[in-house]
Amino acid sequence: MRILHLRLMVILLFAALSLFAEHYACAQAAVSASKDKTNQADVLQQRMQLFCRFEAVYGIPWTYLAAIDQYERTISKHKKHEKTPMRLTAIDIPPAVWSGYLNPEQNDTNESSIAFFGGIGLDGSGDGLADRNNDADVLAAIIQQLAEFGYSSEDFRIGLWTYYKRERAVQTIEQFSKVYKKYLTLDLQRHTFPIPKPYNYSYKSTWGTARDWGGRRIHEGTDIFADYSTPIQSTGYGVIEIIGWNRFGGWRIGIRDMDNVYHYYAHLSAFRKGLKAGDIVEPGQIIGYVGSSGYGKPGTSGKFPPHLHYGMYIDNGNSEWAFDPFPKLKSWERMMYRKKEG
């Protein structure tokens, strides 16, 4: 009996420590977000506090709520809809989903009638209204959708897929959550130029130029010429989605950042030792080295001068398409040289 009691006490102790660690991390994240006194930092702090409050009430990790919000924020840039009132979160639940597809009142705020017509809208703020433009109400509705399937990582994955019905959305949200969990802050928008400051390089806009090898196609990126083995660094915070050989790009790495932009680094001579798919990277972290690999079977190299092919692809919630990275590169380059030495 004493052994059973001892085991029970150990289990309860570990559970309490785990719960304390989660709340401590959330509190630390809120403090971190509040260090900068700019308006943007104030917004991030308020948003973090909202996520932490809902984590404390519902038990859903704040990193999941932040990841869903960030995913919605990235795809909302490409949605064509009427402007909604200013909110802390960007989660946009369509009126028909909120109120119910057969509900004649698509802006319904009554929980009872919303439930009758199969809508997901809830009153999370306690004001008696289920308002799809109220952050607390929207978070409560999303949490309810996730909680229906359970609280494990796999349960959340099922809940996310049921809501978005898109594997790309589920994967991106999970990646965002991993990054938030590591850095404990919402302020993860910093970027840098892919070639470190001390090294020689040159580039110009090469977007759209013709390519013949492997069939006629256009050049979807910017070529940055540099010496063999020049270090290449991650331009932002993100997760490695793919690393290895591609017959066009040679040794290449694909990283999705916190803006839901896929960054494509190609023609490398080597990767940084130990990197693998699923790893989290940050701005300035060395990920590989300039080379001239590609245009053939694994190991093919030397068919063109050494350079980094850098491409950027945006996900709009339905599909992914390339855009010219040259303006971004110029902006990051200017920022790199404006930084004070040391």
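Predicted model: local features only at pLDDT ≥ 70, side-chain atom pairs only at ≥ 80, totals over all residues.
View 1. The side chain of Arg157 forms a salt bridge with Glu174, and the closest N and O atoms are 2.7 Å apart. This pair links distant parts of the chain: Arg157 belongs to helix 7 (residues 153–164), whereas Glu174 belongs to helix 8. The two residues are 17 residues apart.

**View 2. Gln175 in helix 8.** Gln175 lies in helix 8, which covers residues 167–183. With a relative accessibility of 8%, Gln175 counts as buried. When neighbours within four places in sequence are left aside, the residues in contact with Gln175 are Arg168, Val239, Glu241 and Arg256. Among these contacts, Arg168, Glu241 and Arg256 also take part in a network of salt bridges, together with Glu320.

**View 3. The salt bridge between Asp92 and Arg132.** A search of the whole structure finds eleven salt bridges. One of them joins Asp92 to Arg132, with 2.8 Å between the closest N and O atoms. Asp92 sits in the loop between helix 3 (62–76) and helix 4 (95–99), and Arg132 sits in the loop between helix 5 (111–116) and helix 6 (135–147). The pair therefore ties together parts that are 40 residues apart in sequence. Both partners are under the 20% limit and so count as buried: Asp92 has a relative accessibility of 16%, and Arg132 has a relative accessible area of 13%.

**View 4. Glu333 and Lys330 within helix 9.** The side chains of Glu333 and Lys330 meet in a salt bridge, at 3.4 Å from N to O. Both residues lie in helix 9 (residues 326–338). They are three residues apart, about one turn of the helix. Glu333 is buried, with a relative accessible area of 13%, whereas Lys330 counts as partly exposed at 30% relative accessibility.

**View 5. The ring pair of Tyr265 and Tyr310.** The count of aromatic pairs comes to 19. In the pair shown, the ring centres of Tyr265 and Tyr310 are 5.3 Å apart and the planes stand at 75°, so the pair is edge-to-face. Distant parts of the chain are linked by this pair: Tyr265 is in strand 8 (residues 261–271) and Tyr310 in strand 11 (residues 307–315), 45 residues apart. Tyr265 is buried at 1% relative accessibility. Tyr310 is also buried, with a relative accessible area of 0%.

**View 6. The ring pair of Tyr295 and Phe304.** The rings of Tyr295 and Phe304 have centres 5.1 Å apart. Their planes are at 75°, which is over 60 degrees, so the pair is edge-to-face. Tyr295 is buried, with a relative accessible area of 16%, and Phe304 counts as buried at 14% relative accessibility.

**View 7. A cluster of aromatic rings.** Phe193, Tyr201, Tyr203 and Phe326 are linked into a cluster by ring pairs.

Key: Residues numbered from 1 in each chain as written. Heavy atoms only, no water. Helix = DSSP H or I, 4+ residues; strand = E, 2+ residues; numbered from the N terminus. Buried < 20%, exposed > 50% of the residue type's maximum accessible area, 1.4 Å probe, protein only. Contact = heavy atoms within 4.5 Å. Phe/Tyr/Trp six-rings, centres within 6.5 Å; stacked < 30°, edge-to-face > 60°. Salt bridge = Lys/Arg side-chain N within 4 Å of Asp/Glu carboxyl O.
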